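Work through the exercises below with the sequence and the coordinates side by side, and try each task before reading its solution.

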Amino acid sequence: MKLFKDAEALENMKMSNMSTSDRVVASREAKRLILEINEIYKKTKDPELMDLMKRLTEKKRKIEKRLKGRPAA
């Protein structure tokens with residue numbers, strides 16, 4: 001299924017040498033995948049789908065953390 005291949009590709013994507021626009025695109029793609037998987041999860045309640053969503057959410061948080069930068073002290 002294409003959805004799972006896209007999710008696996010996003011999970012395995014390296015974050016080094018990504019431009020800001022690449023990070024924005026990756027964050028949006030992660031959000032899209034999470035929402036699509038969630039729709040399937042609502043119907044099937046498959047625990048593997050929940051694990052996949054959790055892993056994608058963690059990756060998305062890492063990407064967004066880099067987008068926002070570190071707060072100046």
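**Exercise 1.** Determine how many residues the largest nonpolar core has, and which elements give two or more residues to this core.

*Solution.* In this predicted model, the largest nonpolar core has 16 residues, and those with the most contacts inside it are Ala7, Leu10, Ala26, Leu33, Ile37, Leu52 and Leu56. Turning to the elements, two or more residues come from each of α1, α2 and α3 (47-68), and α2 gives the most, with six residues. As general background, nonpolar side chains in soluble globular proteins tend to be buried together.

**Exercise 2.** Locate isoleucine 37, decide whether it counts as buried or exposed, and list its contacts beyond its neighbours within four places in sequence.

*Solution.* Begin with the placement: isoleucine 37 lies in helix α2, which spans residues 20-44. Next, take the accessibility: isoleucine 37 counts as buried because its relative accessibility is 0%, where the cut-off for buried is under 20%. Finally, once the neighbours within four places in sequence are set aside, isoleucine 37 is in contact with Leu3, Ala7, Leu49, Leu52, Met53 and Leu56.

**Exercise 3.** Find how far apart isoleucine 37 and asparagine 12 are in sequence and in space.

*Solution.* Along the sequence, isoleucine 37 and asparagine 12 are 25 residues apart, while in space their C-alpha atoms are 17 Å apart.

Definitions and conventions. Residues numbered from 1 in each chain as written. Predicted model: local features only at pLDDT ≥ 70, side-chain atom pairs only at ≥ 80, totals over all residues. Heavy atoms only, no water. Buried < 20%, exposed > 50% of the residue type's maximum accessible area, 1.4 Å probe, protein only. Contact = heavy atoms within 4.5 Å. Core = buried A, V, L, I, M, F, W, Y, C linked by side-chain atoms within 4.5 Å.
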